[in-house]
Amino acid sequence: MEIKSLATELNTNTYPGRGIVIGRTKDNKNVAIAYFIMGRSVNSRNRIFEENERGGIRTKAFDESKMVDPHLIIYNPVLKLDGSTIVTNGDQTDTIYDYMKDGSCYRKALTTREYEDDAPNYTPRISAVVTPGGDYNMSILKSNMGMPQCVRMFFEYPASAGLGHFIHTYVCDGNPIPSFEGEPTPVEINEDNINAFTDMVWTNLNEDNKVSLFTRFINLETGAEETRIINKNK
(Lines give C-alpha, C1' and ligand atoms only; values in the text may rest on other atoms or scores of the structure.)
Protein backbone atom coordinates (compact mmCIF):
# COMPACT_ATOMS: atom_id res chain seq x y z
CA MET A 1 0.00 0.00 0.00
CA GLU A 2 1.09 3.55 -0.67
CA ILE A 3 2.09 5.64 2.34
CA LYS A 4 -0.17 8.69 2.32
CA SER A 5 0.19 12.23 3.61
CA LEU A 6 -1.85 12.53 6.81
CA ALA A 7 -2.48 16.20 6.12
CA THR A 8 -3.93 15.37 2.71
CA GLU A 9 -6.07 12.54 4.08
CA LEU A 10 -7.57 15.04 6.52
CA ASN A 11 -7.97 18.17 4.40
CA THR A 12 -9.58 16.37 1.45
CA ASN A 13 -12.35 14.84 3.59
CA THR A 14 -14.96 17.12 5.11
CA TYR A 15 -16.25 14.43 7.47
CA PRO A 16 -14.08 11.46 8.44
CA GLY A 17 -16.03 11.47 11.74
CA ARG A 18 -13.88 10.31 14.63
CA GLY A 19 -10.30 9.29 13.92
CA ILE A 20 -7.30 7.58 15.48
CA VAL A 21 -3.69 7.96 14.33
CA ILE A 22 -0.93 5.84 15.86
CA GLY A 23 2.69 5.72 14.72
CA ARG A 24 6.28 6.55 15.45
CA THR A 25 8.08 9.84 14.87
CA LYS A 26 10.63 10.13 12.10
CA ASP A 27 13.52 10.36 14.57
CA ASN A 28 12.32 7.06 16.09
CA LYS A 29 12.24 8.55 19.60
CA ASN A 30 8.50 8.81 20.30
CA VAL A 31 5.19 7.08 19.79
CA ALA A 32 2.78 9.59 18.25
CA ILE A 33 -0.94 9.35 19.06
CA ALA A 34 -3.85 11.46 17.85
CA TYR A 35 -7.57 11.14 18.47
CA PHE A 36 -10.10 13.63 17.11
CA ILE A 37 -13.86 14.02 17.10
CA MET A 38 -16.07 15.85 14.62
CA GLY A 39 -19.77 16.61 14.67
CA ARG A 40 -22.67 17.60 12.45
CA SER A 41 -25.46 17.93 15.03
CA VAL A 42 -25.68 20.41 17.89
CA ASN A 43 -25.43 17.50 20.33
CA SER A 44 -22.24 16.13 18.75
CA ARG A 45 -20.61 19.54 18.51
CA ASN A 46 -21.42 20.41 22.12
CA ARG A 47 -18.35 18.62 23.51
CA ILE A 48 -14.88 19.15 24.86
CA PHE A 49 -12.01 16.90 25.92
CA GLU A 50 -10.64 17.03 29.45
CA GLU A 51 -8.12 14.88 31.29
CA ASN A 52 -9.44 12.00 33.38
CA GLU A 53 -7.96 10.29 36.45
CA ARG A 54 -6.72 7.20 34.54
CA GLY A 55 -4.00 8.70 32.41
CA GLY A 56 -6.21 9.74 29.52
CA ILE A 57 -9.17 11.92 28.59
CA ARG A 58 -12.96 11.98 28.78
CA THR A 59 -15.52 13.77 26.66
CA LYS A 60 -17.74 16.27 28.41
CA ALA A 61 -20.67 18.48 27.42
CA PHE A 62 -19.51 22.04 26.84
CA ASP A 63 -22.98 23.39 27.64
CA GLU A 64 -24.89 20.96 29.86
CA SER A 65 -28.21 22.62 29.00
CA LYS A 66 -27.80 21.60 25.34
CA MET A 67 -27.03 17.93 26.02
CA VAL A 68 -29.75 15.75 24.46
CA ASP A 69 -28.54 12.14 24.42
CA PRO A 70 -25.20 11.36 26.11
CA HIS A 71 -25.01 7.61 25.55
CA LEU A 72 -22.88 7.64 22.38
CA ILE A 73 -21.00 10.89 22.89
CA ILE A 74 -19.87 10.88 26.53
CA TYR A 75 -17.09 8.34 27.18
CA ASN A 76 -13.37 7.91 27.91
CA PRO A 77 -11.54 8.02 24.58
CA VAL A 78 -8.12 7.37 26.18
CA LEU A 79 -7.06 5.27 29.20
CA LYS A 80 -3.68 4.01 30.45
CA LEU A 81 -3.04 0.60 32.01
CA ASP A 82 0.34 -0.89 32.96
CA GLY A 83 2.18 1.16 30.35
CA SER A 84 -0.29 0.46 27.54
CA THR A 85 -2.42 3.20 26.03
CA ILE A 86 -5.98 2.43 24.92
CA VAL A 87 -7.63 4.77 22.39
CA THR A 88 -11.17 4.33 21.06
CA ASN A 89 -14.17 6.25 19.80
CA GLY A 90 -16.62 5.03 22.44
CA ASP A 91 -17.22 3.33 25.76
CA GLN A 92 -15.45 0.21 24.49
CA THR A 93 -12.34 1.91 25.94
CA ASP A 94 -13.57 0.81 29.35
CA THR A 95 -14.41 -2.69 28.08
CA ILE A 96 -10.85 -3.13 26.81
CA TYR A 97 -9.43 -1.65 30.01
CA ASP A 98 -11.45 -4.03 32.21
CA TYR A 99 -10.51 -7.12 30.19
CA MET A 100 -6.82 -6.20 30.16
CA LYS A 101 -6.90 -5.43 33.89
CA ASP A 102 -8.22 -8.96 34.46
CA GLY A 103 -5.37 -10.46 32.42
CA SER A 104 -7.26 -10.89 29.16
CA CYS A 105 -6.72 -9.06 25.86
CA TYR A 106 -8.28 -6.39 23.70
CA ARG A 107 -9.48 -8.91 21.11
CA LYS A 108 -11.58 -10.82 23.62
CA ALA A 109 -12.93 -7.55 24.94
CA LEU A 110 -14.08 -6.47 21.50
CA THR A 111 -15.79 -9.77 20.73
CA THR A 112 -18.35 -8.65 23.32
CA ARG A 113 -19.06 -5.38 21.46
CA GLU A 114 -20.36 -4.31 18.07
CA TYR A 115 -21.00 -1.14 16.05
CA GLU A 116 -22.98 1.69 17.61
CA ASP A 117 -26.76 1.48 17.93
CA ASP A 118 -27.47 4.43 15.64
CA ALA A 119 -29.22 2.83 12.64
CA PRO A 120 -29.13 3.44 9.73
CA ASN A 121 -25.54 4.71 10.15
CA TYR A 122 -24.31 1.80 12.28
CA THR A 123 -21.27 3.90 13.17
CA PRO A 124 -18.18 1.69 13.50
CA ARG A 125 -16.35 1.31 16.77
CA ILE A 126 -12.66 1.97 16.14
CA SER A 127 -10.02 1.07 18.72
CA ALA A 128 -6.26 0.97 19.21
CA VAL A 129 -3.89 -0.31 21.89
CA VAL A 130 -0.28 0.90 22.06
CA THR A 131 2.12 -1.42 23.91
CA PRO A 132 4.90 -0.10 26.18
CA GLY A 133 7.41 -1.01 23.45
CA GLY A 134 5.63 1.11 20.85
CA ASP A 135 4.00 -1.59 18.71
CA TYR A 136 0.26 -1.14 18.26
CA ASN A 137 -2.96 -2.92 17.42
CA MET A 138 -6.02 -1.47 15.72
CA SER A 139 -9.57 -2.72 15.31
CA ILE A 140 -12.84 -1.81 13.65
CA LEU A 141 -16.27 -3.24 14.47
CA LYS A 142 -18.61 -2.35 11.64
CA SER A 143 -21.82 -3.42 9.95
CA ASN A 144 -21.73 -5.97 7.16
CA MET A 145 -22.35 -3.89 4.04
CA GLY A 146 -24.87 -1.72 5.87
CA MET A 147 -26.78 -4.71 7.22
CA PRO A 148 -27.35 -5.18 10.98
CA GLN A 149 -24.59 -7.78 11.26
CA CYS A 150 -21.24 -7.12 12.93
CA VAL A 151 -17.89 -7.60 11.17
CA ARG A 152 -14.86 -7.51 13.49
CA MET A 153 -11.46 -6.70 11.97
CA PHE A 154 -8.12 -6.64 13.80
CA PHE A 155 -4.74 -5.29 12.67
CA GLU A 156 -1.37 -5.65 14.43
CA TYR A 157 1.54 -3.41 13.47
CA PRO A 158 5.24 -3.41 14.34
CA ALA A 159 6.39 0.16 14.89
CA SER A 160 8.50 1.80 12.18
CA ALA A 161 10.16 5.23 12.22
CA GLY A 162 8.16 7.90 10.39
CA LEU A 163 5.21 5.59 9.75
CA GLY A 164 1.75 5.56 11.27
CA HIS A 165 -1.75 4.25 10.57
CA PHE A 166 -4.97 6.22 10.39
CA ILE A 167 -8.42 4.75 10.96
CA HIS A 168 -11.67 6.71 11.07
CA THR A 169 -15.37 6.02 11.32
CA TYR A 170 -16.66 7.27 7.95
CA VAL A 171 -15.47 7.26 4.36
CA CYS A 172 -16.91 10.75 3.93
CA ASP A 173 -20.05 12.76 4.62
CA GLY A 174 -23.40 11.34 3.55
CA ASN A 175 -26.86 10.26 4.65
CA PRO A 176 -26.60 7.58 5.89
CA ILE A 177 -22.90 8.12 6.46
CA PRO A 178 -20.79 5.45 4.72
CA SER A 179 -18.62 3.42 7.11
CA PHE A 180 -14.84 3.30 6.82
CA GLU A 181 -13.65 0.71 4.29
CA GLY A 182 -10.54 -1.45 4.08
CA GLU A 183 -7.43 -1.43 6.26
CA PRO A 184 -6.16 1.51 8.31
CA THR A 185 -4.38 3.93 5.99
CA PRO A 186 -0.57 4.02 6.24
CA VAL A 187 0.47 7.65 6.74
CA GLU A 188 3.68 9.60 7.15
CA ILE A 189 4.59 10.91 10.59
CA ASN A 190 6.94 13.73 9.65
CA GLU A 191 6.79 15.80 12.83
CA ASP A 192 9.25 15.05 15.65
CA ASN A 193 7.75 17.80 17.82
CA ILE A 194 4.34 17.35 19.46
CA ASN A 195 3.35 20.98 18.91
CA ALA A 196 4.03 20.72 15.18
CA PHE A 197 2.18 17.39 15.00
CA THR A 198 -0.83 18.77 16.89
CA ASP A 199 -0.97 21.89 14.74
CA MET A 200 -0.75 19.83 11.54
CA VAL A 201 -3.68 17.60 12.50
CA TRP A 202 -5.91 20.39 13.84
CA THR A 203 -5.24 22.76 10.94
CA ASN A 204 -6.14 20.13 8.35
CA LEU A 205 -9.42 19.03 9.94
CA ASN A 206 -12.53 20.59 8.38
CA GLU A 207 -13.15 23.92 10.11
CA ASP A 208 -16.94 23.57 10.25
CA ASN A 209 -17.04 20.02 11.59
CA LYS A 210 -14.02 19.61 13.88
CA VAL A 211 -14.76 19.59 17.61
CA SER A 212 -11.78 18.40 19.70
CA LEU A 213 -8.29 16.92 19.33
CA PHE A 214 -6.05 14.94 21.68
CA THR A 215 -2.40 14.23 20.90
CA ARG A 216 0.30 12.49 22.89
CA PHE A 217 3.99 11.73 22.39
CA ILE A 218 5.45 8.90 24.48
CA ASN A 219 9.25 8.82 24.70
CA LEU A 220 10.40 5.29 23.95
CA GLU A 221 13.52 5.55 26.10
CA THR A 222 12.16 7.21 29.24
CA GLY A 223 8.39 6.65 28.98
CA ALA A 224 7.85 10.38 29.51
CA GLU A 225 4.62 11.70 28.01
CA GLU A 226 3.64 15.01 26.46
CA THR A 227 -0.06 15.63 25.88
CA ARG A 228 -1.96 18.35 24.06
CA ILE A 229 -5.73 18.98 24.01
CA ILE A 230 -7.47 21.41 21.67
CA ASN A 231 -11.18 22.19 22.01
CA LYS A 232 -13.07 24.29 19.50
CA ASN A 233 -15.54 25.18 22.25
CA LYS A 234 -13.94 27.59 24.70
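Guide: Happy to. One term to start with: accessible area comes from the Shrake-Rupley method with a 1.4 Å probe. On that basis the surface of the protein comes to about 10300 Å², and 47% of this area belongs to carbon and sulfur atoms. Bear in mind that this is a predicted model.

Visitor: What makes the protein as compact as a globular protein of its length?

Guide: First, the parts list: there are five helices and 13 strands. The globule rule is 2.2 Å times the number of residues to the power 0.38. For 234 residues that rule gives 17 Å, and the radius of gyration here is 16 Å, which is close, so the protein is as compact as a globular protein of that length. The C-alpha trace spans about 45 × 40 × 40 Å along the principal axes. Also, 53% of the residues count as buried.

Visitor: Why is Thr 59 called buried?

Guide: The cut-off for buried is under 20% relative accessible area. Thr 59 comes out at 3%, so it counts as buried. You'll find Thr 59 in strand S4, residues 57–61.

Visitor: Which backbone atoms does the Thr 59 side chain reach?

Guide: Two of them: the oxygen of Ile 73 at 2.8 Å, and the nitrogen of Tyr 75 at 2.9 Å. A polar contact needs a pair of N or O atoms within 3.5 Å, and 2.8 Å and 2.9 Å fall within that cut-off. Thr 59 also touches Arg 47, Ile 48 and Phe 49, among others.

Visitor: Which residues of S4 are on its covered face, and which on its uncovered one?

Guide: Ile 57, Thr 59 and Ala 61 make up the covered face, while Arg 58 and Lys 60 make up the uncovered one. In a regular strand the side chains alternate between the two faces of the sheet.

Visitor: How do you know that S3 and S4 are paired?

Guide: Pairing takes at least two bridges. Strand S3 (residues 47–51) and S4 are joined by five, running antiparallel, so by that rule they pair. Glu 51 stands opposite Ile 57. The two strands form a hairpin with five residues between them, and Gly 55 in the turn has a positive phi of about 80°.

Visitor: What makes S11 and S13 edge strands?

Guide: Look at the open sheet of six strands, in the order S11-S10-S1-S2-S12-S13, with antiparallel pairing. S11 (185–188) and S13 (225–231) each have a single partner strand, so one side of each is left without a neighbour in the sheet. From one strand to the next the twist averages 15°. Helix H5 (residues 194–204) lies across S2, S12 and S13, at about 155° to S12.

Visitor: Why is Asp 135 called partly exposed?

Guide: Partly exposed is the band between the buried cut-off of 20% and the exposed cut-off of 50%. Asp 135 has 36%, so it falls in that band. Asp 135 sits in the loop between S7 and strand S8, and a polar atom of its side chain lies 2.9 Å from the backbone nitrogen of Ala 159. The C-alpha atoms of Asp 135 and Tyr 157 are separated by 6.1 Å, although these residues are 22 apart along the chain.

Visitor: What makes Asp 82 and Met 145 exposed?

Guide: Exposed means over 50%. Asp 82 has 71% relative accessibility, so it counts as exposed. Met 145 has 77%, so it is exposed too. Asp 82 lies in the loop between S5 and S6, and Met 145 in the loop between S8 and strand S9. Each is a residue other than glycine with a positive phi: near 50° for Asp 82 and near 55° for Met 145.

Technical notes: Residues numbered from 1 in each chain as written. Predicted model: local features only at pLDDT ≥ 70, side-chain atom pairs only at ≥ 80, totals over all residues. Heavy atoms only, no water. Helix = DSSP H or I, 4+ residues; strand = E, 2+ residues; numbered from the N terminus. Buried < 20%, exposed > 50% of the residue type's maximum accessible area, 1.4 Å probe, protein only. Polar contact = N/O pair within 3.5 Å; in protein donor to acceptor, adjacent residues only side chain to side chain. Axes fitted to C-alpha atoms, helices over the stretch in contact; angles between N-to-C directions. Contact = heavy atoms within 4.5 Å. Lists of a residue's contacts leave out its neighbours within four places in sequence.
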